[in-house]
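Welcome, and thank you for opening the viewer. Follow along with the selections below, one stop after another.

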Amino acid sequence: MEEKELSFRLEMFEGPLDLLLHLIKKNKVSIYDIPIVEITGQYLEYLEKMEEMNLEISSEFTVMAAQLLYIKSKMLLPKHEEEEEEDPKKDLVDRLVEYQKVKEAREKLKPMQNMGYFSYYKEPQKIVGIETQRRLDAESIEKLTNAFMLLIEKTERKAPPPVNKFDGIIGREIVTVKQKTDHILRNFKKGKKVSFKESFDGITDKSEAVSMFLAILELLRSGVLIVKEEGEELYIERTEVEMDIIDVDENEYN
């Protein structure tokens, strides 16, 4: 065999199986039909080249060389017709097939190993103009509820109203939570801050006051409003959160 035919890059082979796959591909033969004599000769020639270049030959390459010579010798021995012997190449073929599967899987997964290097993550940034804390926590709800109950207590009459005050009450229009929510969205400008008490100015009916209170809680939950405490006074403030006139589920408050 001419020296020019051996064009291996010695550093490219990770082990003896890798070298054997290269030789099989180079000779354009099937893994299941390895010409063991030719492949063994080329494999040994590769080891000789490594020795000529003073490269250290790992033990696994030497072990494979011994196995190839053993298989070659077994195949050169005469066979008796009555004996059914297992193909001496079978174990080697099985190992090559499994190694090829692993190598192909590695090639498919290789582009993915660096995907994380090209991913960039942005640190959380506080949005200017929006107070992200204390939108609607248990403490705020409790304070708002206490303030609301105090308002109701102060506005309710201490004595029962006269009978004539009930005239026409059946036909009175009920003010819903959605109506009060829409009212706040239309009339509270962004950045506007009013005291909790002032938001109930002009409301004399208890059911309307309840609707107003529930509307405030709904907008606090949505982040449209925030609650602030200054001294002993509670204030509600419109944030920069954009929101259209929302559809409040009235059944939620029934």
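## A buried glutamate and its partner

Select E237 to begin: this residue is buried, since its relative accessible area is 16%, and the cut-off for buried is under 20%. Keep in mind as you look around that this is a predicted model.

E237 and K228 form a salt bridge, and their closest N and O atoms are 2.8 Å apart. K228 has a relative accessibility of 22%, so this lysine counts as partly exposed.

A word on what you are looking at: side chains of opposite charge can pair when their charged atoms come close.

## From helix 1 to helix 4

Select D18 and K103. Their closest N and O atoms lie 2.6 Å apart, in a salt bridge. D18 belongs to helix 1 and K103 to helix 4, so this pair ties together parts that are 85 residues apart in sequence.

Are D18 and K103 buried, exposed or in between? D18 is buried, with 5% relative accessible area, while K103 is partly exposed at 28%.

## Within helix 4

Stay on helix 4 and select E98 together with K101. Here a salt bridge has its closest N and O atoms 3.8 Å apart. Both residues sit in helix 4, three residues from each other, which is about one turn of the helix. E98 has a relative accessible area of 46%, so it is partly exposed.

Where is M112 found? Look in the loop that runs between helix 4 (90–109) and helix 5 (138–155). M112 is partly exposed, because its relative accessibility is 49% and the exposed class takes in values over 50%.

With a relative accessibility of 76%, K28 counts as exposed.

How values were computed: Residues numbered from 1 in each chain as written. Predicted model: local features only at pLDDT ≥ 70, side-chain atom pairs only at ≥ 80, totals over all residues. Heavy atoms only, no water. Helix = DSSP H or I, 4+ residues; strand = E, 2+ residues; numbered from the N terminus. Buried < 20%, exposed > 50% of the residue type's maximum accessible area, 1.4 Å probe, protein only. Salt bridge = Lys/Arg side-chain N within 4 Å of Asp/Glu carboxyl O.
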